[in-house]
Amino acid sequence: MKDDGIELILVGAIVPKARPRVTRSGHAYLPSSYAHWKRAAIAQLTGQWRGGPIDQPVAIGIILTGRHSRRGDCDNISGAVLDALVQSQILIDDNLIHVPQLGVRLEYGNQPPIATVKLIKMPTKNSGQKNILERLMSV
């Protein structure tokens, strides 16, 4: 964790957010690969977080390094991470009021996949900082 923000690490490849499937009897369920990833991600995040839910707007940067699949859609990758942040009670919600700025960057390589999730609490509207994604996404 840095003075100006929060940095969380998810070890392993991010499984893109999946749509619920419905059985013939009408029972909805998530695909097992996504459900398994989400449980593991929530466990990793809650193991790193020592506070209550963030109750103010945040800018979020998701930096994927290593051997992540390059076939997943950016919105489904970020949706999976945001859902894990909400369900691990780090964020109250992932709507635009709570997350007005979001960025995703892929740095593909041969090392094992890791996602670095950076959160910066948004400054007050009179502070003059309109876009803090550049600071979030810089290495």
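Biologist: What is the mean pLDDT of the protein?

Modeller: This is a predicted model, where local features need pLDDT of at least 70 and side-chain atom pairs count only at 80 or more, while totals for chains, interfaces and linings use all residues. Residues are numbered from 1 along each chain as its sequence is written, and side-chain values use heavy atoms, leaving out hydrogens and water. The mean is 88, and 88% of the residues reach 70 or more; pLDDT is the predictor's confidence in each residue, from 0 to 100.

Biologist: Which elements have the lowest and the highest mean pLDDT?

Modeller: Helix α3 (residues 133-137) is lowest at 69, and strand β1 (residues 6-11) is highest at 97. Where pLDDT is low, the predicted coordinates should not be read in detail.

Biologist: Why are α1 and α2 called oblique to each other?

Modeller: Their axes cross at roughly 50 degrees. Angles under 35 degrees count as roughly parallel, over 145 as roughly antiparallel, 65 to 115 as roughly perpendicular and the rest as oblique, so α1 and α2 are oblique.

Biologist: What makes β1 and β5 edge strands?

Modeller: The open sheet runs β1-β6-β4-β5, with mixed pairing, and β1 and β5 each pair on one side only. Two strands pair if DSSP finds at least two bridges between them.

Biologist: How do you know that β4 and β6 pair?

Modeller: Eight bridges join β4 (residues 58-66) to β6 (residues 114-121), and the definition asks for at least two, so they pair. These two strands run antiparallel.

Technical notes: Axes fitted to C-alpha atoms, helices over the stretch in contact; angles between N-to-C directions. Helix = DSSP H or I, 4+ residues; strand = E, 2+ residues; numbered from the N terminus.
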